[in-house]
Every structure is written in C-alpha cells, then in structure tokens.
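Work through the exercises below with the sequence and the model side by side. Try each task before reading its solution.

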Amino acid sequence: MSKSKNRLSQRRAIYILPNIFTTLSLFFGFYSILSSVGGRFSQAAWCILISALCDGLDGTVARMTNTTSEFGVEYDSLCDLAAVGVAPAVMAYYWALTPDFLTILGPYQRLGSAAAFIFLACGALRLARFNVFSGVRDPGYFQGLPIPGGAGILAAAVLWHYRFGQPMTPSGPAIMALVLILAMLMVSSIDYFSHKNKILFRNNRPFETLVAVVRILAVVIVKIKSALLPFGCIYVARGPIVTVVRARRRRRQPEHANHQADFVPDDNNEDSENNLR
C-alpha cells in the first residue's frame, strides 16, 4: 500500500514539474512589467528572455516526462499571454513609444500606445490559432512568428541599445515600425521552423555542426547584448525563405505524381507492357 502511495506521489510531482517552469515564465514576465514601469528597461529585457526560455522548457519537460495535459496547455497559453505578450508590449511602450519619443509624428505622436496594443492583440490571436489548430498542423513548423520569438526580438532590441553600457536613445518611429512588423508576422501564414522539426537534426557532418554551434554560443555569451538582435533578425528573415521553399516543394509534388501516373502499365494495352519491359 505504501509503495502505491509513493508511486502516486512521484507521479504527481512529475506532473507538477512542467507547470513549475510555466509559473516561472509568468513570474519573470510579471517582474518585467514592474521593471518597465520603473524605467529599468535592461532588466525588463532580461526578464523577458528568461521568461521565453522557461516557456520553451515547460513543453520540452512535459514531452520528456510524458506528462502533457489539457490543463497544462491552457495554463501555458494564459501565462504566455501575460509573460511574452503583455510584458514586451509594456516594455516597448515605456521604452520608446511614449509621445516624447514620437514628436516627429506631430498629431499622431500618441499612436505608440496603439502599436503596443496591436502587438498584444496579435499575440493573443497567435496563441488562439495555435491552440485551435494544434491537432491538424505540421508539428515541424509554426504558422506565423511564435509570440516568444516576437517578445525576444523586442528584448534584444533593448539590449542592443545598452550594449555600450550607457543606454542609447531609441528611435521611436523605428521601434514602432518594428513592433508592428512583429505583430503582423505573428498572425501571418509564414512558416517558421519548430524545435521539433526533424530536418534540423538531419546532418551528414555532425562534428562540424557541433563546432559551429559551439562557436555561435561563444559569440552569444561574450557579445550577448550585441549578438542577440542580429540573430533575431536572421530568425525572422528565415521564415519567408522557408515558406517559399515549402511552397515550391508542394507545387512539384503533383507534377511528380502525374509523371509517375503516365508510366503506370495498362493491362489491356500490350504496347504499353512491351515498352515498360
């Protein structure tokens, strides 16, 4: 009897583990909001990056421990909306989208709050679409820019302005354009690689790949404030390229199938059988 109770308690502990990472993601998102309101934007950016990391770990841990559940999926989405939706929108607004940073827009200098809200709304739509179509989509690809990716790029933009120690004054119109572009990418139909994509792990040169990854990580660790934004831009630009490549492959598949159908032998046609022989 005691053994069964121990197994049950261990099983419950395993189920709690992914939700701990989800809760940590929510905590860092909440702390990012407090930091943004207090004007500590570098700290807010770091909190968003840690929140996005925890958000990636909760699903990975759930799959590794075979503890995925409907509750975990819904809890994760709700926390994502606050941690990588509200937090980066608030950070972007207080950092570069207040009317003081948009004086060049004249009477439209208050559009910064609208841009921040559009980012939040598109993030919510992105999460809702992900939950609705999670059972029918290709697990190797995300449709639209993932909301943690959009939040991470905004955080990287903040750290880019802090890369020399003293913060550089951001360009309000440029940051507003970045926020709107990220918002549109999140609700777009552009394909982005998922971390579950098997293509990413197919490699004929594993040692060379490992060396390249180590070098990239070394650059990120040493020059993290300067490296994150360029890597983020590469990630964003890769989506349209992947979409075009996949569209071409889909167009070629029917043509290939038709060519194969032309060579199907007809049992009632002796000439076709002789040609195939």
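The model is predicted: local features need pLDDT of at least 70, side-chain atom pairs count only at pLDDT 80 or more, and totals for chains, interfaces and linings use all residues. Residues are numbered from 1 along each chain as its sequence is written, and side-chain values use heavy atoms, with hydrogens and water left out.

**Exercise 1.** State how many helices and strands the chain has, and in what pattern.

Solution. Helices (H or I, at least four residues) and strands (E, at least two) are DSSP runs, numbered from the N terminus. The chain has 9 helices and 2 strands. Along the sequence they give α-α-α-α-β-α-α-β-α-α-α. Next, take burial, where buried means under 20% relative accessible area, exposed over 50%, and partly exposed in between (1.4 Å probe, protein chains only). Of the 277 residues, 35% count as buried.

**Exercise 2.** Compare the reach of helix H2 with the expected span.

Solution. The expected span of a helix is 1.5 Å times one less than its number of residues. Helix H2 (residues 41-64) has 24 residues, for which 34 Å is expected. From first C-alpha to last, H2 reaches 35 Å, close to that value. After H2 comes Asn66, with a positive phi near 55°.

**Exercise 3.** Describe the surroundings of Tyr31.

Solution. Tyr31 lies in helix H1. Its relative accessible area is 33%, so Tyr31 is partly exposed. Contact means heavy atoms within 4.5 Å. Not counting residues up to four places away in sequence, Tyr31 touches Gln43 and Cys47. For the chain as a whole, residues 24 or more positions apart account for 78% of the contacts with a separation of 6 or more.

**Exercise 4.** Find the salt bridge and say which parts of the chain the pair links.

Solution. A salt bridge is a side-chain nitrogen of Lys or Arg within 4 Å of a carboxyl oxygen of Asp or Glu. A search of the whole structure gives 1 salt bridge. Asp191 pairs with Arg246, and the closest N and O atoms are 3.2 Å apart. The pair links distant parts of the chain, 55 residues apart: Asp191 is in strand S2 (residues 191-193) and Arg246 in helix H8 (residues 224-262). Both Asp191 and Arg246 are buried.
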